[in-house]
Amino acid sequence: EFAGKFISVPHWGYYSTFDKAGNWYISSGRYVLKYSSSGALVTQWGGFGTGPGQFRYPSGIQVGLDGNIYVADEDRGDIQVFTPEGVYLSRITGFFDGPTDIKFDKSGNLYVANFYSGQIVVVSSGGAVVNRIPAARVRGLALDEDVNILACNFSCNVIYKFDRAGRLLFQVGPAAGSKNLNGPFGIVADQFGNFYVADMSNGRV
């Protein structure tokens, strides 16, 4: 229902996700904003700080298999968990160094791009780290239908594709001229294996 609509977000917002009902969640400034499927602001939560439910630099945001909202915080180095109404539940910490984007697979495993340590950390549904994949300066993550991992290296203008075990399958870039990426930030994959990249500094997809 968002087609053809423009929504003014009061703070910068680089990461967002949808739930099964079509509600849209955006990590924006020091807050999470929740919009209905019709584009109306339902609620917001957060505020600057290090206490439960507060943010310093909220980044990746995803709806978990449990229906709760998971929000990474690049500055705090943690992931906080909220109900869809914004009630703070818990935090995941100890594994992350500058977490940016986050994704869940269909088994509930959590993939976290660690910007500062140059790794994609995979956390099982039981809460244990099961893999650390070397991948520098990643801002955007996506999983395809086969749970291959797509990652945007924002600084080196490269897209990586790893299999689920963390083996590098190929990379795209760097390239010269009009094909060159410049600050790839966000990425999504379709059901056919194609992927689409938000090329931030070139202002294009």
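User: Buried means under 20% relative accessible area, exposed means over 50%, and partly exposed lies in between (1.4 Å probe, protein chains only). On that scale, is Val147 buried or exposed?

Analyst: This is a predicted model, in which local features need pLDDT of at least 70 and side-chain atom pairs count only at pLDDT 80 or more, while totals for chains, interfaces and linings use all residues. Residues are numbered from 1 along each chain as its sequence is written, and side-chain values use heavy atoms, with hydrogens and water left out. Val147 is found in the loop between S13 and S14, and its phi is positive, about 60 degrees, although it is not a glycine. Its relative accessible area is 16%, so Val147 is buried.

User: Arg137 also has a positive phi without being a glycine. Is Arg137 buried, partly exposed or exposed?

Analyst: Arg137 lies in the loop between strand S12 (129-134) and S13, where its phi is about 55 degrees. Its relative accessible area is 34%, which means that Arg137 is partly exposed.

User: How many helices and strands are there in the protein?

Analyst: Both kinds of element are DSSP runs numbered from the N terminus: helices are H or I over at least four residues, strands are E over at least two. On that basis the protein has 0 helices and 18 strands.

User: What radius of gyration does the protein have?

Analyst: The C-alpha atoms fill a box of roughly 45 × 40 × 30 Å along the principal axes, and 49% of the 205 residues count as buried. The globule rule (2.2 Å times the number of residues to the power 0.38, for a radius taken over C-alpha atoms) is the reference here. For 205 residues the rule gives 17 Å, and the protein comes close to that, so it is as compact as a globular protein of that length, with a radius of gyration of 16 Å.

User: Which strands are the edge strands of the open sheet of 4 strands?

Analyst: Two strands pair if DSSP finds at least two bridges between them. In this sheet the order is S5-S6-S7-S8, with antiparallel pairing. The strands that pair on one side only are strand S5 (58-63) and strand S8 (88-92).

User: Over how many bridges do S7 and S8 pair?

Analyst: S7 and S8 form a hairpin with 5 residues between them, and Gly86 in the turn has a positive phi of about 95 degrees. Ile79 stands opposite Ile92 in S8, and Phe82 has Tyr88 as its bridge partner. Strand S7 (residues 78-82) and S8 pair in the antiparallel sense, and the number of bridges is 4.

User: Which residues touch the most other members of the largest nonpolar core?

Analyst: A nonpolar core is a set of buried Ala, Val, Leu, Ile, Met, Phe, Trp, Tyr and Cys residues joined through side-chain atoms within 4.5 Å. The largest one has 15 residues. Strands S10 (110-114), S11 (119-123), S13 (138-143), S14 (149-153) and S15 (158-162) each supply at least two residues of this core. The members that touch the most others are Tyr111, Ile120, Leu141, Ile149 and Phe162.

User: Leaving aside neighbours within four places in sequence, which residues are in contact with Phe162?

Analyst: Contact means heavy atoms within 4.5 Å. Phe162 is one of the core residues that touch the most other members. With neighbours within four places set aside, Phe162 is in contact with Ile120, Ile133, Pro134, Ala135, Asn148, Ile149, Arg167, Leu168 and Leu169.

User: With neighbours within four places in sequence left aside, which residues are in contact with Lys161?

Analyst: Lys161 is found in strand S15. Its relative accessible area is 14%, so Lys161 is buried. Beyond those neighbours, its contacts are Asp144, Asn148, Ile149, Leu150, Arg167, Leu168, Leu169 and Phe170.
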